[in-house]
Amino acid sequence: NKQTILSKVDKKVCIIAVNDTLSNWTLLNKISGVDRSINYYVVNNPYEECINFLPKNHNYYPKCIASTRTNSDFLKLYKGNKYLYNPTPNINYSGLYNFENKIDDYRNSICASLDLSFKFNVSKIFLFCCDESFDAARPGSISIENNLHCYPQQLISNMIIGHMCYWLKNKKIEIYNYSSGGIINNTIHLKNDDEFLNELSN
């Protein structure tokens, strides 16, 4: 629902999208009259649910950076350019291919994007809507900030992301978080659209 604010962001800012952002991307001329492209779509989900991330109401396929462990059917169906990387080695998980490009992704696309951003030599990173919180309580969910809820595993993801941000912060990279719920450590929390846009323009 907050996508429209990205249409106000300078085109020099690189947008890396993850998860179901692509299937829900509306900043296309034929849909919203606004044209704001995704620079890279990052994916590493090995399961069949990954196919749900493919576009449904449009035919927009930005450059895709995918783990070699990504669901093979997703990769076959993806119509845009694809660049593959190897996750850093783990004896419990292996990929079908071996590439020199290695990324610390912890089987999490946000973590992959953070490591990519570091490799792109950025000075600032903005996490935008990088949480999976929801308004009403659901079976198995827990309460978090702002009267929102999430599942316990999402807190684990936030913890891992926060640990990655710690290392990036030590590299003098400023990391901002403009998300609804779930504190991510080692980030600067932004409260509203104006703060988000102001920091992006500095």
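User: Which residue in strand 2 stands opposite Ile-16?
Analyst: The model is a predicted one, in which local features need pLDDT of at least 70, side-chain atom pairs count only at pLDDT 80 or more, and totals for chains, interfaces and linings use all residues. Residues are numbered from 1 along each chain as its sequence is written, and side-chain values use heavy atoms, with hydrogens and water left out. Strands are DSSP runs of E with at least two residues, and helices are runs of H or I with at least four, numbered from the N terminus. The residue in strand 2 that stands opposite Ile-16 is Tyr-40.

User: Over how many bridges do strand 1 and strand 2 pair?
Analyst: Strands of a sheet pair through backbone hydrogen bonds, either parallel or antiparallel. Two strands count as paired if DSSP finds at least two bridges between them. Strand 1 and strand 2 (residues 40–43) pair in the parallel sense, and the number of bridges is three.

User: In what order do the five strands of the open sheet lie?
Analyst: Strand 2 is also joined to strand 3 (residues 64–67), in parallel, by three bridges. The edge strands are strand 1 and strand 5 (102–103), each of which pairs on one side only. The pairing in this open sheet is parallel, and the order is 1-2-3-4-5.

User: Which residue in strand 3 is the bridge partner of Val-42?
Analyst: Strand 2 and strand 3 run parallel. For Val-42, the bridge partner in strand 3 is Ile-65.

User: Is Ile-65 buried or exposed?
Analyst: Ile-65 has its place in strand 3. With a contact defined as heavy atoms within 4.5 Å, and residues up to four places away in sequence not counted, Ile-65 touches Tyr-40, Tyr-41, Val-42, Val-43, Tyr-83, Tyr-85 and Leu-116. The scale calls a residue buried under 20% relative accessible area, exposed over 50% and partly exposed in between, using a 1.4 Å probe and protein chains only. Since its relative accessibility is 9%, Ile-65 is buried.

User: What distance separates the C-alpha atoms of Ile-65 and Leu-116?
Analyst: Leu-116 is among the residues that Ile-65 touches. The two residues are 51 residues apart along the chain. Their C-alpha atoms are separated by 9.6 Å.

User: Why is one side of strand 6 and of strand 10 left without a neighbour in the sheet?
Analyst: An open sheet of three strands has the order 6-9-10, with parallel pairing. Strand 6 (124–128) and strand 10 (188–189) stand at its edges, so one side of each is left without a neighbour, because each has a single partner strand.

User: What is the phi of Asn-19?
Analyst: Most residues other than glycine have a negative phi, and most peptide bonds are trans. Asn-19 lies in the loop between strand 1 (16–18) and helix 1 (29–32), and is partly exposed at a relative accessible area of 30%. Asn-19 is not a glycine, yet its phi is positive, at about 50 degrees.

User: Near what value is the phi of Cys-129?
Analyst: Cys-129 is found in the loop between strand 6 and strand 7 (142–143). Its relative accessible area of 38% makes Cys-129 partly exposed. Its phi is positive, in a residue other than glycine, and lies near 55 degrees.

User: What distance separates the C-alpha atoms of Asn-24 and Leu-197?
Analyst: Asn-24 is found in the loop between strand 1 and helix 1, and counts as partly exposed at 44% relative accessibility. Asn-24 and Leu-197 are 173 residues apart along the chain, and their C-alpha atoms are separated by 22 Å.

User: What radius of gyration does the protein chain have?
Analyst: The protein chain has five helices and 10 strands. The radius of gyration is taken over C-alpha atoms, and the globule rule is 2.2 Å times the number of residues to the power 0.38. For 202 residues, a compact globule would have a radius near 17 Å, and the protein chain agrees with 17 Å.
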